[in-house]
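Open your viewer and get the selection tool ready.

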Amino acid sequence: MIQNFQTLYDRLADRTKKPVVAVAAAQEKDVIKSVTDAVAAGLVNAVLVGDKKKIEDLMKSGSIAPGFSIIDEPEEDKATATAISLIKSGQADILMKGLVNSSVFLRAVLAAEKNEKADAVFSHMAGFELPGRDRMMFFTDGGMIIAPDITMKRRILENAIGTLRSMGIERPKIAALAANEQVNPKMPATTDADALTKLAEDGVFGPCILEGPMSMDVALSREAAEKKGITSRISGEVDLFLMPSIEAGNIVAKAMVYCGNARMAGIVLGASFPIVMTSRAESAQGKMDSIAMACLGSGG
């Protein structure tokens, strides 16, 4: 398990090679601060692609010393394409979204991946450090796939499980969430969870323990499972929570941040390179945590 974000940073400390982050449309204050802090912490090196004058003005106003490589490209679509080309040519390793529309950003990624990963499924995985819990919790997918069917949920799981293994969780404990533990044909989340559990038992996902359908209280609390008379190998120790829908993932994530004081990071999975694509409302710290998560999730 990963106890907290500090554990995540500690696992990155001994690397001999630092990845390079290419930031698309980098002319945004918190993006620049997060990248500056990540570089200062020894996590990464960086190339900023975007409106050079605006980037330099923001650096001056934030008392950030010059020193980054900056590629001048004011147009957001061209800036994104340039940042991706740096990765494809081996000059960078991680793509980060700056001040660019999400649809423009993702279209550019899809265009760049059409030959190498034509069948790629992009999904989002968020990591949370919640006060009072002894481990980080990872949620998928609350940000990319609107209405995943069983086939898409399988691909979402494959993306997330592979990333968790790269982060050091070799046998992740996974809860396929639903409103309750009973399989009900009228509730697709329960039938999907049941089918995915059977796939896991057959070894489709490799080493992991997947249980479902499982309600959130049982996933979070062994005491709740015992009170309900449910026997579980993962209750209270879940690493990955598979959300039944994008609405569920999005609502739970925001409630945890705004009501539970959770610390959150998130990355996009499924491309041939790690992608940091955070909310516009995300803090500089959250963006930096997402860079760290992308570093560890890509194997370092």
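Start with alanine 25, which sits in the loop between β1 (20–24) and α2 (29–40). Helices (H or I, at least four residues) and strands (E, at least two) are DSSP runs, numbered from the N terminus. The model is a predicted one: local features need pLDDT of at least 70, side-chain atom pairs count only at pLDDT 80 or more, and totals for chains, interfaces and linings use all residues. Residues are numbered from 1 along each chain as its sequence is written, and side-chain values use heavy atoms, with hydrogens and water left out.

Stay on alanine 25. Its phi is near 60°, a positive value in a residue other than glycine. Most residues other than glycine have a negative phi, and most peptide bonds are trans. Is alanine 25 buried or exposed? Alanine 25 counts as buried, at 1% relative accessibility. Buried means under 20% relative accessible area, exposed over 50%, and partly exposed in between (1.4 Å probe, protein chains only).

Next, select asparagine 261. Find it in the loop between α10 (246–260) and β10 (263–269). Asparagine 261 also has a positive phi, about 60°, and is not a glycine. This residue counts as exposed, with 60% relative accessibility.

Now look at two peptide bonds. Select threonine 140 and aspartate 141: the bond between them is cis, with omega near 0°. Aspartate 141 lies in the loop between β6 (137–140) and α6 (150–166). Then select glycine 212 and proline 213, which are also joined by a cis peptide bond, with omega about 0°. Proline 213 belongs to strand β8 (residues 209–214).

Go back to β6. In a regular strand the side chains alternate between the two faces of the sheet. Both faces of β6 are covered: Met137 and Phe139 are buried on one side, Phe138 and Thr140 on the other. Which strands pair with β6? Strand β5 (residues 123–129) pairs with β6 in the antiparallel sense over 3 bridges. Strand β9 (residues 240–242) pairs with β6 in the parallel sense, over 3 bridges. Two strands pair if DSSP finds at least two bridges between them. Select phenylalanine 128 to see it opposite methionine 137 of β6. Then show phenylalanine 139 with its bridge partner in β9, phenylalanine 241.

Last stop: aspartate 289, in helix α11 (residues 284–297). Aspartate 289 is buried, with a relative accessible area of 0%. Leaving aside neighbours within four places in sequence, aspartate 289 is in contact (heavy atoms within 4.5 Å) with Phe5, Tyr9, Arg263 and Ala265.
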